[in-house]
Amino acid sequence: MIAVIKFLGSNCDLDVCKAIQLAGGSAELVFYTQKNLDKYNGAVIPGGFSYGDYLRAGAIASRTPIINALKKMIDEGKPVLGICNGAQIGLEAGFSKGVFTVNKNARFICKWVYIRVENNKTPFTRFYKKGEVLKIPIAHAEGRFYADDDTLDYLYKNNMIVFKYCDETGEVTEKANPNGSLDNIAGVCNENYNCLLLMPHPERASQKILGSDDGLKMFKGMLK
Amino acid sequence: MYKATVIIKLKKGLLDPEGRTIKQALNFLGFKEVKEVDSYKMLDIVLDAENEEKARERVKEMCEKLLANPVIHNYEIKIEKLSV
């Protein structure tokens, strides 16, 4: 059973539950006031606008009671996936390194993009090939990845960069970078690979009728 | 009672899309002399504290725990005693 965390202002929670079911698993909504997640095998922090994105996107949600329970889950090696606002919350909580901040053009961007798998050793990317290109949508105003030079080095050295924005052929170009992210980074993980934080929405690319099912394998991998 | 004014700014050299957009808009409106606009967040926090030093200490804790993100922000704190 996967816990799908609901904050005040989460809005992709039911889509994520559906995607988990499509992947063959079961999901339960868990409110952010919960302090214990021991009975779950993993968790997803879904997208949305927790606390209205006040202060900084994800900042206030990342200081709520459930965060310690998620930390414990990560320490125990269970898979934790943060999507969009969930990824912002995860970085604010220190689950990986860097920050997702205001897009280069200072606007909300909602569009289909391509991302390339840089690390397929995580639970979420185990069913993809390294270098595989996924078609997947983004929808965010604060998705520009930034980290200082030392942190970026650290992320590369520990293979913590999981996805990069690319063009249809898998080329990582300036033009394929929708939001000004450093090195086109779209998703990062922790040192043990069991917590993935990404801005694109795999649940919105979980069946053909939505335009792509390239994201479904992320949930399948997480459930294995 | 004290009033703490917290100014949260981006670290030097970091991209400030909001400031840049405002600068472009000002230039577009004919204010060609505008060379740079920096945006920042300012919070006024009214709090109880024994003295100014204690108030500053607490507000510093607030900045570290929630108000600023050390990856991208610096912050300044100004404390003012309120006459109740």
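**View 1. Strands β1 and β2 of chain B in a predicted model.** Strand β1 (residues 2-10) of chain B pairs with β2(B) in the antiparallel sense over seven bridges, where strands are DSSP runs (E, at least two residues) numbered from the N terminus and pairing requires at least two DSSP bridges. Within β2(B), Val46(B) is the bridge partner of Lys3(B). This is a predicted model, in which local features need pLDDT of at least 70 and side-chain atom pairs count only at pLDDT 80 or more, whereas totals for chains, interfaces and linings use all residues. Residues are numbered from 1 along each chain as its sequence is written, and chains are lettered from A in the order in which they are written.

**View 2. The open sheet of chain B.** Three strands of chain B form an open sheet in the order β2-β1-β3, with antiparallel pairing. Because β2 and β3 (73-81) of chain B stand at the edges with a single partner strand each, one side of each is left without a neighbour in the sheet.

**View 3. The interface between chain B and chain A.** The contact (heavy atoms within 4.5 Å) takes 16 residues from chain B and 16 residues from chain A. The area buried between the two chains, that is, the accessible area (1.4 Å probe) lost on putting them together, summed over both, is about 1,200 Å², of which carbon and sulfur atoms give 64%. Pro17(B), Leu66(B) and Val71(B) supply 34% of the area that chain B buries against chain A, more than any other three residues.

Technical notes. Heavy atoms only, no water. Helix = DSSP H or I, 4+ residues; strand = E, 2+ residues; numbered from the N terminus.
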